[in-house]
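My notes are below, in the order I made them.

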Amino acid sequence: MNSCRACFDVEAARREYECNADNKEKLMSLLVSDVIEIFRKEIPQWDSGHTVDTLKTGSESDEVKGIVSTMVATRDVLAEALQLGANLVITHEPTFYGHEDYLFTDDDPVQAAKLKFINDNGLAVWRCHDAWHHLEPDGILAGMVDALGWGRFQSGDDAAIFDFPQMTLADLAAEVKSKLDVGMLRCVGNPAMVVRRAAFSVGCNSWENQRRLLRVPGVDVLLCGEQREWETCEYVRDSASVRPQGLIVLGHVNSEEAGMKYLADWLRPRVSGIPVHYVQAGDPFCYL
Ligand SMILES: [Zn+2]
């Protein structure tokens, strides 16, 4: 090994220090607040003072034993986190159903059961939505592009625009279904139409943003997580009379989930010694 004497001494001193159990504990100790601080430091463009990314349960002073990253902290995901020995769950979407995670005041049985499970098991749940979308490039989009293998098709400055070799709308839908292992997609437009340029709007983006992407020059098709059913899909339907475009609706979870796997991979080297797992929440729908 080609290491200098000084480096060897540093390593030896560290090994000796770690041999003392107390010191080892100090070296490994990481609090929930430390994990949140990593995101504050590394994503300064995220406004952590005005955000839904707050601690929903647990305390910032809880010591982290293991971390699970997931799209939605469902009951099943929480149970799996426990099995994995994790006590901090980082979720992209709300835990208590509304965007702000306000707790119902009417003794709701579903909320009560979930809260009891979380509190009985000492789980801290932190939401990472705004921060992760503020990573540059957007952490959710980056993870999705990775899962789709579309990095080589990204075009120009806008990470959400892709130029493909010529294919049909049906071909593109089939590729997305297979790469993301999605059970069903909904499309607007002629399945046989040729598409070359696509825009990807992950999650539940606004109608204004989805229209903006459809108006990017040359865009033939928009992929999105969800959209209101009197807005984007009707605009795309009427586009047939001007310049036909296509729409592929993936479902919210399907359109973002790989971005939280990417978060686990990003976070792991930043919390060395603490296990970081990705747990898939999966599409909540079954198709009958
Ligand atoms: Zn999102």
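Entry 1, the chain. I am working with a predicted model. I first looked up the extent of the C-alpha trace, which spans about 75 × 60 × 35 Å along its principal axes. The chain has 288 residues, and 33% of them count as buried. For secondary structure I noted twelve helices and eleven strands.

Entry 2, contacts. I took the contacts between residues at least 6 apart in sequence; 68% of these join residues at least 24 apart.

I then turned to S4, residues 124-127. Which way do its residues point? I found Ala124 and Trp126 on one side, with Val125 and Arg127 pointing the other way. I noted all four as buried, Arg127 included.

Entry 4, partners of S4. In what sense does S1 pair with S4? I have S1 down as residues 55-57, antiparallel to S4 over two bridges. On the other hand, S3, residues 88-91, pairs with S4 in the parallel sense over four bridges.

I checked which residues stand across from Val125 in S4. Thr57 is opposite Val125, and Val89 also has Val125 as its bridge partner.

Key
Residues numbered from 1 in each chain as written. Predicted model: local features only at pLDDT ≥ 70, side-chain atom pairs only at ≥ 80, totals over all residues. Buried ≥ 20, exposed ≤ 12 C-beta atoms within 10 Å, placed from the backbone. Pairing = 2+ DSSP bridges. Contact = placed C-beta atoms within 7 Å.
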